[in-house]
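Open the structure in your viewer and keep the sequence panel beside it. This tour goes stop by stop, telling you what to select and what is there.

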Amino acid sequence: MDFAAARFADSLGAAGRRRTTVSADGSVTSYRLLDGSGDGVPGVYLDRYGPAAVLNVHEDARLSQSWVTGAARLTLEQLGLEAVYVKAFVRDRSRLGGREPEELRAADPRAGRAQPESLVVREYGSRFEVRLYDGLSTGLFLDHREHRRALARRGLPRVLNLFAYTCAFAVPLAAAGARVTNVDVSARYLEWGKRNLALNGLEPAAARFFRMDAFAYLAYAERHPGERFDLVILDPPTFAVGDRRRGVKPWKALADYPALVQAALRVLAPGGSVFAASNTRELAAAGVLARLVTEALGYAPAWQTLPPWPADVSESGRVAAVLFVP
Ligand SMILES: C[S@@+](CC[C@H](N)C(=O)[O-])C[C@H]1O[C@@H](n2cnc3c(N)ncnc32)[C@H](O)[C@@H]1O
């Protein structure tokens, strides 16, 4: 499709007006500016990170490179940004044969000037390190912003953050007084998580870090009565490869999520709650994740209310989340 500057400028303007509540007081410097079809631009997701933005373009949208460059330049100008990076999203990454587009790691953006390797963004009282040209993801999943805040407000003391990634959930929860146990198979992401906690002036004792397979940790915790939690956070990827040498089983959300819920229950303290989320397309449809949890438990748990989707991601429907007390 050829780039129609006026049409894109209108979409960006209208999207900005719908988001005035998100950024009004400056306490949130990282949020979604365009949310695909919800903002009239199917397959195009634009996320702001302080002075810069990332334009994620889905291959299904079939947009030409000139369209993408036009959109990046116009975004830069219209929003007065310093840089707009572009990330091409390919549904089946195995087709790339292990090679990523070079642009994912290029300091020079598609529009504007190069940014430092890492930037710090703010989300309410939290600060997060983001990296805009370090592969496909940036270190912060914006669609969980209100979940991070809502879970922190519950003020629960012992929290297990499985599939912790850069420990974004841990930051506001630890700031609210929780001791957060973070589990992830990636040492690099856990190091990033440690930097995120340090960036927020949190004491090392506010968190623990286990470089482990989530199921292996749950089996270990089940055997150790000291490892019990008032809140367990489950936010796994859709797929992950295994590594037999390190005891990591391949993960497939559609097949493995019920067993994950069951194993999480075995480390839950009496009265504890489980936050379960998924961005897997089949699970993100309305009601599907709640049904999966109900089937895994064999009964309907006490569902707890989560905040409504904020103005910047309300239309996406690409992430499902439930909170329950079994
Ligand atoms: C979708 S991200 C999680 C996002 C995170 N909950 C957040 O809010 O920022 C998926 C994470 O799961 C980790 N992971 C993949 N397979 C795993 C496994 N078997 N056990 C533990 N972590 C795993 C990856 O390294 C990655 O950091």
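## First stop: two loop residues

Select Arg62. It is exposed, because it has 11 other C-beta atoms within 10 Å. Bear in mind as you look that this is a predicted model. Arg62 sits in the loop between strand E3 (52–58) and helix H3 (65–79). Check its backbone: phi is near 50°, a positive value in a residue other than glycine.

Now select Tyr124. This residue lies in the loop between strand E6 (119–123) and E7. Tyr124 has a positive phi too, about 50°, although it is not a glycine. Is Tyr124 buried, exposed or partly exposed? With 14 other C-beta atoms within 10 Å, Tyr124 is partly exposed.

## Zoom out: the whole chain

Show the protein chain as a cartoon. You will find 10 helices and 16 strands. The radius of gyration is 20 Å, close to the 20 Å that the globule rule gives for 326 residues, so the chain is as compact as a globular protein of that length. Turn the view along the principal axes. The C-alpha trace spans about 60 × 40 × 40 Å.

Colour by burial next. Of the 326 residues, 41% count as buried. Contacts tell a further part of the story. Take those between residues at least 6 apart in sequence: 64% of them join residues at least 24 apart.

The contact draws 13 residues from domain 1 and eight residues from domain 2.

Which elements give two or more residues to the side of domain 1 that touches domain 2? Select helix H2 (20–23) and strand E1 (30–35): they are the ones. E1 provides the largest share of that side, four residues. By class, this side of domain 1 has three nonpolar, four polar and six charged residues.

## Follow E1 into its sheet

Stay on E1. Five strands form an open sheet here, in the order E1-E2-E3-E4-E5, with mixed pairing. Why is one side of E1 and of strand E5 (111–112) left without a neighbour in the sheet? Both stand at the edges, each with a single partner strand, so one side of each has no neighbour there.

E1 and E2 pair in the antiparallel sense over five bridges. For one example, pick Leu34: its bridge partner in E2 is Leu46.

## A buried loop residue

Select Leu142. It is found in the loop between strand E7 (126–130) and helix H4 (145–153). Leu142 is buried, because it has 23 other C-beta atoms within 10 Å. Show its contacts, leaving aside neighbours within four places in sequence. They are Ser30, Tyr31, Arg32, Asp47 and Val313. Then draw a distance from Leu142 to Lys252. The two are 110 residues apart in sequence and 23 Å apart in space, C-alpha to C-alpha.

## Parallel strands E8 and E9

Select strand E8 (residues 158–162). Four of its five residues are buried, so E8 is largely enclosed by the rest of the structure. E9 is mostly covered, with five of its six residues buried. E8 and E9 run parallel and are joined by five bridges. Look for Asn161, which stands opposite Asn182 in E9.

Now go to Val232, in strand E11 (residues 229–234). Val232 counts as buried, because it has 27 C-beta neighbours inside 10 Å. Beyond its neighbours within four places in sequence, Val232 is in contact with Leu160, Leu162, Ala264, Val267, Leu268 and Val274.

## Last stop: the ligand

How many residues surround the ligand? There are 19, and the closest are Phe163, Tyr165, Ala214, Asp235 and Ala240. Colour the shell by class to finish. It has 13 nonpolar, three polar and three charged residues.

Terms used
Residues are numbered from 1 along each chain as its sequence is written. This is a predicted model: local features need pLDDT of at least 70, side-chain atom pairs count only at pLDDT 80 or more; totals for chains, interfaces and linings use all residues. A residue is near a molecule or strand if its C-beta atom, placed from the backbone, lies within 6 Å of it. Ala, Val, Leu, Ile, Met, Phe, Trp, Tyr, Cys and Pro count as nonpolar, Asp, Glu, Lys and Arg as charged, and the others, Gly among them, as polar. Two residues are in contact if their C-beta atoms, placed from the backbone, lie within 7 Å. The radius of gyration is taken over C-alpha atoms; the globule rule is 2.2 Å times the number of residues to the power 0.38. A residue is buried if 20 or more other C-beta atoms lie within 10 Å of its own, exposed if 12 or fewer, and partly exposed in between; C-beta atoms are placed from the backbone. Two strands pair if DSSP finds at least two bridges between them.
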